[in-house]
Protein chains: 2
Amino acid sequence: MASGADTVLQRLLAGGVDVCFANPGTSEMHFVAALDNTPRMRAVLCLFEGVATGAADGYARITGTPAATLLHLGPGLANGLANLHNARRAHTPVVNVVGDHATHHVEFDAPLQSDIEALAGWPDGLVFRPQTADALTAAVDAAVTGAVGPPGRVATVILPADHSWGPAEQGAPLAEPVGADPGPGGIGVQAAAELLREYGSDTVVLLGGSATGPAGLSAAARIAEATGARPLVETFPARLARGRGIPAIERLAYLGEQAEQQLAGATRLLLVGTRAPVAFFAYPGRASGLVPSGAQVHVLDPAELDALADQLGAAPVQISPAGPPALPKGPLTAANWADVIGALLPDDAIISDEANTSGMLLPAATAGAPAHDVLTLTGGAIGQGLPVAVGAAVAAPDRPVIALQADGSALYTISALWTMAREQLDITVVILNNNAYAILQLELARVGAADGNTIGEKARSLLDIGRPDIDFVSIAEGFGVPATRAGTAEELAEQFAAALAEPGPHLIDAAVPTFF
Amino acid sequence: MASGADTVLQRLLAGGVDVCFANPGTSEMHFVAALDNTPRMRAVLCLFEGVATGAADGYARITGTPAATLLHLGPGLANGLANLHNARRAHTPVVNVVGDHATHHVEFDAPLQSDIEALAGWPDGLVFRPQTADALTAAVDAAVTGAVGPPGRVATVILPADHSWGPAEQGAPLAEPVGADPGPGGIGVQAAAELLREYGSDTVVLLGGSATGPAGLSAAARIAEATGARPLVETFPARLARGRGIPAIERLAYLGEQAEQQLAGATRLLLVGTRAPVAFFAYPGRASGLVPSGAQVHVLDPAELDALADQLGAAPVQISPAGPPALPKGPLTAANWADVIGALLPDDAIISDEANTSGMLLPAATAGAPAHDVLTLTGGAIGQGLPVAVGAAVAAPDRPVIALQADGSALYTISALWTMAREQLDITVVILNNNAYAILQLELARVGAADGNTIGEKARSLLDIGRPDIDFVSIAEGFGVPATRAGTAEELAEQFAAALAEPGPHLIDAAVPTFF
């Protein structure tokens, strides 16, 4: 009879899950051994759990289907939580398999024991703990269907070691899938059309979720053209289509004061695949909610966006055939590095964007680049960019993946570089290296904690990450990723083109000064 | 009036907490700014939260008083949890300050919002969320006294941003400290003496907690000498005194089958500052509890150990003046590297020991070295060693700190190297680099998942961390730590001596083959 571990793997495959990002420990050894009985399951070793969970997020953002993670007990899951938080906010399906002590071992409270359920539930997660080995099939099926949703969710199967090593019948597949929840119904095409006919120029159409693909963006652009409505994309979309042939719809700004300007004057807000906009943080004397005072808020199902455009008789949108930006020259600045990327971006690329403050001018630079996808920091938990790039590259081996990565954030999950090297993933990492937590230098003033001139020495020391400066070339080479250093736009262009031309991962440590 | 952030800092200082290991974000900016009003609070920047929490653990293991951490919302706390788990198991006092959104921002469920309480409670933690700014004093006082205990615990103050930036009276100090819990009373000196007089040679005295300092070990050795009892130290003591002049009492083995041999034949178990021994993991067909069948278990307060020795009339123990091992020669092996450390260990060193499988022969090599302290992996959550070394070095700037660090485990919190460089901490890191999760290669066979000969290719690929091999010299230099590579015992000796002779951090990447 198959072991429990075999059964778990078979049910994952049956649910369409055929990649596992793994950082196993002793309690997962039978699962690891069972991988050799399961040729269709690809196992990708990660050297830190946050890499595994972020990779699963990036994978599913590209394929639409979940990957599994394999994590070791509570502490292993804890290390993966921050990127599961991002997956939660992206509505990404993820299936965690978290090994636990054998059931008879629990009463002994061995050193690594902890409350795994508390952690697994934290990212609004579904949690399944099969009580017997024969319950594994139902637990895995429930986790997979629950993760898929919609909406996509984080689902966790807690796998006691004795269920893993013991015999387990595969059992009957789950009769009733878990977790499908169509969400709020919305106002429907008819009412939305009436709204826009009457209040078009006073309406903001805010797009998120599945509405940020090429079809959704095109429909939104048609609607805007026909009605005068203003389309915007949510601040951090899970996956945004961008580039030539795709309407370049502005994103709602991260900075609340800018977002307020974008939304100013709107009396109607039509939410399509997203929720009412809120400020990322609170600031003294500033509003938290970004819905303009008195504005009505309506919801539309993203699947109805195209029908709405048709209903409005909106013509196909003519997109100006703007080309990519020209290649800039001279020392790198917060502006010109993005033009290098825009100018040289290859066809059908995937950008994992954790450029943070350095990326403020990136959207302008990529509107005329070849069509591509952008994966952004949906949950705000930094350390997402490199792992998501790993997952995206595993999901789409034929597409070039570009990780645009702030320096400080890179260090939370830096060992993702090693997985890129081992799997020879076609990823070009560009580190935007300003030796600072630049966003915090900005935020320190914004929250009123200090004027630019009066930041004390100790506060300043917590916001800069120089002294010593971090050498990402050296770190990347340590993890087996070839790396170069760019100080000028010409160097960045040359190195970026070379990295794209050669298979496998590369890193460019780009000395980009802070934006402000 | 002082701000809430000022008040929090003042109350931390009033509670004896004057070091803060920080990885702040926007919601902590007022706390950061307030540091400049608080000269006595030392702030140490960490580039990952697991470094901050591990450093706080290491700090308190040396000073006996808590350090604070400063963490950013739920995801920041999540990243710090694994080392808080280790602190929990070490009974280390730690005070986390976790920033949260402003109270009026919570209803908007901004992207970074999450259930912070769920995470803070996970490591058996005390959690305090002041409901108003004026409640900050009581919350911080409660957290500090609760953390100190005894027993030492992890305590968390959740600090909403508006309480931090608003005015706050310091308020009255907490009248009633939180958390003191003397624990089980134990059998007392008289009964313990009777037990040992009657059953001495059938008794194992198992030492942990405060009983693993020089006084406790000496008392235990006297008791053993006088009664024939077998003394043992728990597997992973928080802080173990070791070296010349200190009885070299064996530790209970990590491998359950070895531990069973050590305990075999005991009909009485006297627990002093520890709990009944359990296997780290369950294995098919093996017992989880390690108390020999039928043995009686008794508890003694560590504070009574010396009185017990006196009561038994035990003479002072003569400790053989064994010297350190001789310096070995030739290619590094799993055995000879430890002799290099033992031979060259400086006076009054602190060893942060996360050598894992590579460290199996370390105890034999250090028994005759100068007296030192060893900090071990109490909770089994790997990634502790480098952060604990950071904290120990901050706690004891005049003592040399040696981090003996397995390669795979090092990568969970590798950015600790940067904090060593910035703070110019006197730490010598020796990476035991075998390009493998060697412990898992061992465990795969132990749990019966595979015989050595039948490990499949995929399973094998998840247990080795070569392909590409990780170059820790390059990584360390990237973080600003000078580094060298050692392939022979002579090279290790030369580099270790040189690193000790020069202030500031150093790393040696030692090519030590696996033990088995």
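Modeller: Happy to. Let me start with accessibility: buried means under 20% relative accessible area, exposed over 50%, and partly exposed in between (1.4 Å probe, protein chains only). This is a predicted model, where local features need pLDDT of at least 70, side-chain atom pairs count only at pLDDT 80 or more, and totals for chains, interfaces and linings use all residues. Residues are numbered from 1 along each chain as its sequence is written, chains are lettered from A and ligands numbered from 1 in the order in which they are written, and side-chain values use heavy atoms, with hydrogens and water left out.

Colleague: Why is D348(A) called partly exposed?

Modeller: D348(A) has 42% relative accessibility, so it counts as partly exposed. R399(A), at 13%, counts as buried.

Colleague: What makes R399(A) and D348(A) a salt bridge?

Modeller: The term requires a side-chain nitrogen of Lys or Arg within 4 Å of a carboxyl oxygen of Asp or Glu. For R399(A) and D348(A), the closest N and O atoms are 3.4 Å apart, so the pair qualifies. R399(A) lies in the loop between α14 (385–395) and β14 (401–406) of chain A, and D348(A) in the loop between α12 (336–344) and β12 (350–354), so the pair ties together parts that are 51 residues apart in sequence. Helices (H or I, at least four residues) and strands (E, at least two) are DSSP runs, numbered from the N terminus.

Colleague: Which residues are linked with R399(A) in a network of salt bridges?

Modeller: R239(A), D348(A) and D373(A) are linked with R399(A) in that network. In chain B, the side chains of R399(B) and D373(B) meet in a salt bridge at 2.9 Å, N to O, and both residues are buried. The search of the whole structure finds 38 salt bridges over all chains.

Colleague: Why does T137(B) count as buried?

Modeller: Its relative accessibility is 1%, so T137(B) counts as buried. T137(B) is found in helix α6 (residues 136–148) of chain B. Beyond its neighbours within four places in sequence, T137(B) is in contact (heavy atoms within 4.5 Å) with residues including T7(B), R11(B) and E169(B).

Colleague: What makes β8 and β11 of chain A edge strands?

Modeller: Two strands pair if DSSP finds at least two bridges between them. The open sheet of 4 strands in chain A runs β8-β7-β10-β11, with parallel pairing. β8 (230–233) and β11 (296–300) each have a single partner strand, so one side of each is left without a neighbour in the sheet. Strand β7 (residues 203–207) of chain A pairs with β8(A) over 4 bridges, and V205(A) stands opposite P231(A) in β8(A).

Colleague: How do you know that the two copies are related as by a two-fold rotation axis?

Modeller: Copies are superposed by least squares on the C-alpha atoms of residues with pLDDT of at least 70 in both. Chain A can be laid on chain B with an RMSD of 0.0 Å by a turn of 180 degrees and a shift of 0.0 Å along the axis. The two copies are thus related as by a two-fold rotation axis. Of the residues of chain A, I475(A) comes closest to that axis, at 2.1 Å (C-alpha).
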